[in-house]
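Please look through the sequence and the model below with this short briefing beside you.

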Amino acid sequence: MPTHTFTLNGERVTVDVEDDVRLLWVIRDMLGVTGPKYGCGINVCKACTCHINGKAFNPCSVPVGAVSESDEITTIEGLADGDELHPMQKAWIEQDVPQCGFCQPGQIMAAVAKVRQCQREGRDVDDEAIEEIRNICRCGTYNRIREAIKAGADEM
């Protein structure tokens with residue numbers, strides 16, 4: 001069986017699994033990191049959004065064989081700095097965003113990636129930038145999500 005090594009939330013991990021197994025299952029089932037959620041499995045809902053090398057991606061649509069040893073994957077569990085929540089996580093709490101909470105890890109990870117992208121490009125985190133985020137919220141808390149993204153961006 002093939003061996004795959006990469007960095008997950010700052011730790012080197014190695015798994016023995018076939019190349020075509022989706023990375024989401026490796027993260028959740030083999031490594032026990034359950035923040036990224038399974039919603040659709042086809043890169044539509046984006047409930048599983050994580051970061052690979054600092055950019056948003058959806059591990060439900062990526063086979064583990066496509067991940068290289070130099071790749072750094074961050075899930076919602078790796079976003080905080082020790083016991084200190086990330087500014088976007090704090091904004092989510094302050095804006096009382098979640099209802100059911102299922103999509104929230106992916107929403108937060110997408111928001112952090114979008115803010116970082118805007119910062120790199122010298123763009124404002126405005127409504128136009130936020131509209132580029134395609135994560136689905138089944139509860140429809142988009143207005144609170146938008147406000148939390150803006151508040152979190154101000155602190156990043």
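In this predicted model, helix H2 (residues 87-94) packs against helix H3 (residues 104-121) at an angle of about 125°, and their axes are 10 Å apart. That angle makes H2 oblique to H3, and the crossing of the two helices is right-handed.

**Salt bridges**

- Side chains of opposite charge can pair when their charged atoms come close, and the structure holds eight salt bridges.
- One of them joins the side chains of Arg12 and Glu69 at 3.3 Å, N to O; because Arg12 lies in strand E2 (residues 11-16) and Glu69 in the loop between strand E4 (55-57) and strand E5 (72-74), the pair ties together parts that are 57 residues apart in sequence.
- Arg12 is partly exposed at 47% relative accessibility, whereas Glu69, at 54%, is exposed.
- Lys90 and Glu84 also meet in a salt bridge through their side chains (2.2 Å, N to O), with Lys90 partly exposed at 32% and Glu84 partly exposed at 43%.
- In the salt bridge between Arg123 and Glu132, the closest N and O atoms are 3.0 Å apart, and salt bridges that share partners join Lys114, Glu121, Arg123 and Glu132 into one network.

**Surface and loops**

- Ile42, Val44, Ile136 and Tyr142 make a nonpolar surface patch of about 370 Å².
- Asp126, in the loop between H3 and helix H4 (127-131), is partly exposed at 34% relative accessibility.

Key: Residues are numbered from 1 along each chain as its sequence is written. This is a predicted model: local features need pLDDT of at least 70, side-chain atom pairs count only at pLDDT 80 or more; totals for chains, interfaces and linings use all residues. Side-chain values use heavy atoms; hydrogens and water are left out. Patches are made of residues with over 30% relative accessible area and no salt bridge: like charges are joined within 9 Å, nonpolar side chains (Val, Leu, Ile, Met, Phe, Trp, Tyr) within 5 Å. Accessible areas come from the Shrake-Rupley method with a 1.4 Å probe; for residues, only the protein chains shown count as cover. A salt bridge is a side-chain nitrogen of Lys or Arg within 4 Å of a carboxyl oxygen of Asp or Glu. Axes are lines fitted to C-alpha atoms, for helices over the stretch in contact, and angles run from 0 to 180 degrees between N-to-C directions. Helices (H or I, at least four residues) and strands (E, at least two) are DSSP runs, numbered from the N terminus. Angles under 35 degrees count as roughly parallel, over 145 as roughly antiparallel, 65 to 115 as roughly perpendicular and the rest as oblique. A crossing is left-handed if the near helix is turned anticlockwise from the far one by less than a right angle, and right-handed if clockwise. Buried means under 20% relative accessible area, exposed over 50%, partly exposed in between (1.4 Å probe, protein chains only).
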